Amino acid sequence: MKKVYIYALACALTAVSCQDNDWVADNATSQVPEIEIPMGAADGELLIKFVPEMSDILDQTLTRAGGVSTRSGIPSTDEVLSILGAYHFERVFPVDPKTEARTREAGMHLWYIVRFDKNTDLKEAARQLRKLGEISKIQSNPTIQRAYDPKKKPLYLSANDLQYVTRTDEGLTFNDPGLKHQWHYQNKGNYAFVTERAEAIAGSDVNCVEAWKSCKGDPSIIVAVLDEGVMWSHPDLKANMWTNESEEIGSTEDKDGNGYKGDRYGYNFVKNTGVISWTSAEDTGHGTHVAGTIAAVNGNGTGVSGIAGGDGTENSGVKIMTCQLFDGQYGATLAAEAKAIKYAADNGAVILQCSWGYNSPDANEALGYVPGPKNEQDWENQYPLEKEALDYFIHNAGSPNGVIDGGLAIFASGNEYAPSSSFPAGYSKCISVSAIAADYTPSSYTNYGTEITLCAPGGDGDYYGRPGTAEDHFDWETETQGLILSTGIKNGQPAYTYMEGTSMACPHVSGVAALGLSYAVKQRRHFKAAEFKELMIQTANSEFYQEYDRKVEKLYYYNHATIGASPTLMNLIDRKGKMGKLVDAGALLKAIGNHGSDMIVPNVYLATGKSTSIDLARYFIDGESLNYSCTVANENIATTSVDKTILTINGIADGSTTVTIQAGSKSQTITITVRKNAGGSGWL
């Protein structure tokens, strides 16, 4: 949407004088920053992180209490909690046995949510708790709010509407009727929405057609969409939804033991349920629109195309995991948002698609925006849990033995017409995305600045729209195609919609990243997350800034649908170098083969008398069609067998040996370690 999500928070930090009372020592000091309790913070709730030395005590207390308690088991902390009137004490992140080891290594198990009476003075409670040596971090638990009016609906189309032909193009890759309207994938400049003052320039797109010659998607790549709930039953999305086969929608049992019940397509973190929703009056279909840009099913003769939506054959597109942060009029708390980020990493997602964030620190207050965190340090001080959750995803998503080690966190930069990126987009480890129109110019609303990483088409209704004209349904006689077309929802039913915003630019970058990783799977290339992020930047296009020199200025009508809207003149020279680089799918895929490293069959650890299997096809180019043979150096320690592409290894006796795998003309040698007392996972 045109106004990106923000937290409805008061973000200015102020110095607060502290008067010690008689139940906390006067000489108490703390490294924990003083906190503000912003607008939107949950009444009676604080998020606290303990120091690592308290881990055993906390574990014992919560184990005895069944996961939820009224106290921590730490005497000094509990004394303060008693005085403050705390009645609920719970670990933020549920235990998942499969990922608990790395959760603890990252210190995420030390975060707890504490609930007090709703009338408790949280600022005073935080002031007292921060003096305890057992606590390292404290923050409030704000609720995420929409920054746009949910009553303002997107521009709707039906499936029949998409059959109208407004331009002729014989070069379309897929038979999806909406593709001819998705200028943002392949812009040839021949569009009906071009006006005397607003043009379209060929090449102002993400260069999908060139990329699609090499790859169209791979189902092993999972993109987590943190947004409104994605309509998983949408006919143009269902085949490309991530599915947790162990779970059933609405189940009251956590069948796979990951800490979440009924999470078949993802999880509703607003209402703490596996039931994903999209039928409330306040729902706009925002998450479904975002998901379609990334992975709408290609080549099914229906609707629109997605950047990494496959080639029309079964199970050929990337997968969408829906992590719902907005449900009707309700938003998730920051604790729930952090859980969503960690859930994505722990359940296989390697890309985090986030079309939301705080307002920019330079947001225009005259336009009604409340400025957000001033810089990276300010953001980290205010929301340390959010920062740690993102770090966890960036460092722990993916696999050392997979196509990417770590994850990509991609955020919209913001829509406040501001000269700086919002946060968390502005975090140096994230990718911040600005929006451009169909002629390379900055979308009228987009944030810009040196913090921006990449840009992509986001649409621009104030530029292409007719002043004084508003529509709630697509009219083929207007110039509204300067917006972004994707999957959508109308009255709870599947539809197709035009939207605009950095919210729409962001999934173009996520889609290109997913397509690039899909091609890396095909080429059997392995990347570190930071390495792949850098490759996306290196292969992106900065030549489009030449258009700014040519045009010099851009005229648009702010709130163009308002009768009598006055024109605004944008200085394009001032925006040069401040929009990031234009993401380029074709150039990225072309560079994949010459970067990263070869995929390596992993070494194996297993227990005596146990077996494990590896699909060798994942580690050799065209691996599905190769013949494999294996030679074990010492069959007294381990034996192997190969059935087509599946290598099975049997632990015979304690010790180590090597296995040489021959795959056509290529070979790899791995080490097998067998231990009598190895755990069920095979790790020592």
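The count of salt bridges in this predicted model comes to 28, a salt bridge being a side-chain nitrogen of Lys or Arg within 4 Å of a carboxyl oxygen of Asp or Glu. Residues are numbered from 1 along each chain as its sequence is written. Local features need a pLDDT of at least 70 and side-chain atom pairs count only at 80 or more, totals for chains, interfaces and linings use all residues, and side-chain values use heavy atoms, with hydrogens and water left out.

**The whole chain**

Start with everything shown. The chain has 14 helices and 31 strands; these are DSSP runs numbered from the N terminus, with helices (H or I) of at least four residues and strands (E) of at least two. Of the 684 residues, 59% count as buried. Buried means under 20% relative accessible area, exposed means over 50%, and partly exposed lies in between, using a 1.4 Å probe and protein chains only. Take the contacts (heavy atoms within 4.5 Å) between residues at least 6 apart in sequence: 72% of them join residues at least 24 apart.

**Stop 1: a salt bridge inside a helix**

Select Arg 104 and Glu 100. Their side chains meet in a salt bridge, with 2.9 Å from N to O. Both belong to helix α3 (residues 100-105), and because they are 4 residues apart there, about one helical turn separates them. Arg 104 is partly exposed at 31% relative accessible area, whereas Glu 100 is buried at 12%.

**Stop 2: salt bridges between distant parts**

Select Lys 271 and Asp 327. The closest N and O atoms of this salt bridge are 3.7 Å apart. Lys 271 sits in the loop between β10 (266-268) and α6 (286-295), and Asp 327 in strand β11 (residues 319-327), 56 residues apart. Is Asp 327 buried or exposed? Asp 327 is buried, with a relative accessible area of 2%, while Lys 271 is partly exposed at 47%.

Next, select Lys 528 and Asp 405, a salt bridge with its closest N and O atoms 3.1 Å apart. Lys 528 lies in strand β20 (residues 525-528) and Asp 405 in strand β14 (residues 404-405), so the pair ties together parts 123 residues apart in sequence. Lys 528 is partly exposed at 47% relative accessibility; Asp 405 counts as buried at 18%.

Then select Glu 199, Asp 439, Glu 547, Arg 550 and Lys 551, which a network of salt bridges links.

**Stop 3: two packed helices**

Select helix α7 (residues 334-346) and helix α9 (residues 384-396). Axes are lines fitted to C-alpha atoms, for helices over the stretch in contact, and angles run from 0 to 180 degrees between N-to-C directions. Residues making the contact include Leu 334, Ala 338 and Ile 341 of α7, and Leu 385, Ala 389 and Phe 393 of α9.

**Stop 4: a sheet of strands**

Which strands form the open sheet, and in what order? The order is β25-β31-β30-β27, with mixed pairing; two strands pair if DSSP finds at least two bridges between them. Strands β25 (604-607) and β27 (628-632) are at the edges with a single partner strand each, so one side of each has no neighbour in the sheet. Direction ignored, neighbouring strands are turned by 25 degrees against each other on average.

Finish on strands β30 (residues 655-663) and β31 (residues 666-675), which pair in the antiparallel sense over 9 bridges. Select Ala 663 there: Lys 666 in β31 stands opposite.
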